[in-house]
Amino acid sequence: RVHTFNAQGIANTVWAYAKAGCHAHTLFEAIAEIPMSRLEQFKPQNLAQTAWAYATLGHSSPQLFTKLGTLTTSCWEDFSPYELANILWSFAVVDCRVENAFAFDRVEAISTHDSYEETELNMLHQWNLWCRERDQPGLSLDLSERCYKTFTQTERRSSLLQQNVARVLGQIGGVSFEEEVHLPSGYTVDILIRFNDRKDVALEVEGPTHYLVSHPSSQNGTTQLKHRQMRALDNVEIAVVPYWEWNEIMETQPTGDGNQDCRGADYLKTLLSIQTK
């Protein structure tokens with residue numbers, strides 16, 4: 001029934017799925033095949049909503065994003081700062097480069113906005129990192145610095161899950177690590193493990209918010225973007241502790257029997273040896 005939806009209906013539908021963390025693959029594939037003539041009816045808000053939804057769910061569709069990029073170039077000046085930040089972030093997540101969509105004059109136009117709020121500045125920082133990945137022009141120096149400052153100052157608190165993993169990691173002899181470490185890209189890693197003879201390892205302890213509700217073992221777009229950019233720009237390996245694996249290890253026996261920590265330590269040693277070969 002997708003063919004019966006108008007532009008607002010399509011945008012609202014995919015936005016609702018993404019907001020709920022539910023990925024309806026067949027529906028999203030069908031929408032991606034909508035012809036350009038239909039997409040030309042989209043207003044900037046519809047374009048931004050649609051792009052954000054696909055990116056948030058980690059659904060990469062070069063076919064759709066090529067069309068969205070072409071349409072974006074035709075109404076660049078009509079985007080609000082919020083819409084602009086969202087669509088740029090979305091292209092960074094799916095890693096889709098559209099010819100002339102981000103030409104120098106348009107990048108300069110992005111940099112002239114002075115009404116970006118914290119969330120938008122964070123998104124723009126990640127898009128700016130994507131420009132570095134792609135070796136293409138990014139934001140002006142002033143706006144880059146503003147985005148970086150906002151991104152690195154966004155408040156973070158370590159979860160009980162992360163604290164538990166760090167506690168067990170500390171019981172493994174010869175492991176040097178720090179928690180809540182800022183990398184040059186601006187990202188903060190849960191635990192950074194340092195090695196003398198290999199790359200540092202960013203150990204990410206991931207709770208349910210890093211995954212899709214409909215597919216609990218599938219990372220969302222935000223998490224995928226972070227990992228890709230840290231690998232590309234910070235020269236670290238990524239090791240992930242998913243919450244369900246850790247909980248299964250630590251809850252197999254009654255709390256306090258002493259065996260959970262041993263199993264947790266064995267799990268981490270195996271994980272790190274695999275990730276740091």
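In this predicted model, Ala109 is partly exposed, with a relative accessible area of 30%, and its place is in helix H7. Between Ala109 and Ser140 there are 31 residues of sequence separation, while their C-alpha atoms are 9.8 Å apart in space.

- Thr66 belongs to helix H5, which covers residues 62-74, and at 38% relative accessibility Thr66 counts as partly exposed.
- Leaving aside neighbours within four places in sequence, Thr66 is in contact with Cys96 and Val98, whereas the C-alpha atoms of Thr66 and Gln126, which are 60 residues apart along the chain, are separated by 20 Å.
- Glu120 is found in helix H8 and, with a relative accessibility of 7%, counts as buried.
- Once neighbours within four places in sequence are set aside, the contacts of Glu120 are with Pro81, Tyr82, Ala85 and Ser115.
- Glu120 and His182 are 62 residues apart in sequence, and the distance between their C-alpha atoms is 20 Å.

**Helix packing**

- Two packed helices are described by the angle between their axes and the distance between the axes.
- H6 and H8 pack with their axes 8 Å apart and at an angle of about 35°, and the crossing in which H6 passes H8 is left-handed.
- On the H6 side this contact is made by Pro81, Tyr82, Ala85, Asn86, Leu88, Trp89, Phe91 and Ala92, and on the H8 side by Glu120, Met123, Leu124, Gln126, Trp127 and Trp130.
- For H4 and H6, the axes come within 8 Å and cross at roughly 35°, and this crossing is left-handed.
- The residues that make the contact between H4 and H6 include Pro44, Leu47, Ala48, Ala51 and Trp52 of H4, together with Glu83, Ile87, Ser90, Val93 and Val94 of H6.

**Helix H11 and its surroundings**

- Helix H11 has 14 residues (221-234) and reaches 19 Å from its first C-alpha to its last, which is close to the 20 Å expected at 1.5 Å a residue.
- The buried residues of H11 are Gly221, Thr223, Leu225, Lys226, His227, Gln229, Met230 and Asp234.
- The elements that cover these buried residues include the helices H4 (44-56), H6 (81-94) and H8 (118-134), as well as the strands S2 (188-194), S3 (201-206) and S4 (237-242).

**Positive phi values**

- Most residues other than glycine have a negative phi.
- Asp95, found in the loop between H6 and helix H7 (104-112), has a positive phi near 60°, and with a relative accessible area of 31% Asp95 is partly exposed.
- Asp135, which lies in the loop between H8 and helix H9 (141-153), has a positive phi near 55°, and its relative accessible area of 73% makes Asp135 exposed.
- Asn235, the residue that follows H11, has a positive phi near 55°.

**Nonpolar core**

- The largest nonpolar core has 86 residues, of which Ile110, Leu124, Trp127, Leu203, Trp246 and Leu268 touch the most other members.
- The largest share of this core comes from H6, which supplies 9 residues.
- Leu124, one of the core residues that touch the most other members, is in contact with Ala85, Leu88, Ile110, Tyr116, Leu139, Leu143 and Cys147 when neighbours within four places in sequence are left aside.

**Cysteines**

- Cys147 counts as buried at 0% relative accessibility, whereas Cys262 is partly exposed, with a relative accessible area of 48%.

Definitions and conventions:
Residues numbered from 1 in each chain as written. Predicted model: local features only at pLDDT ≥ 70, side-chain atom pairs only at ≥ 80, totals over all residues. Heavy atoms only, no water. Buried < 20%, exposed > 50% of the residue type's maximum accessible area, 1.4 Å probe, protein only. Helix = DSSP H or I, 4+ residues; strand = E, 2+ residues; numbered from the N terminus. Expected span 1.5 Å × (residues − 1). Contact = heavy atoms within 4.5 Å. Core = buried A, V, L, I, M, F, W, Y, C linked by side-chain atoms within 4.5 Å. Axes fitted to C-alpha atoms, helices over the stretch in contact; angles between N-to-C directions. Left-handed = near helix turned anticlockwise from the far one by under 90°.
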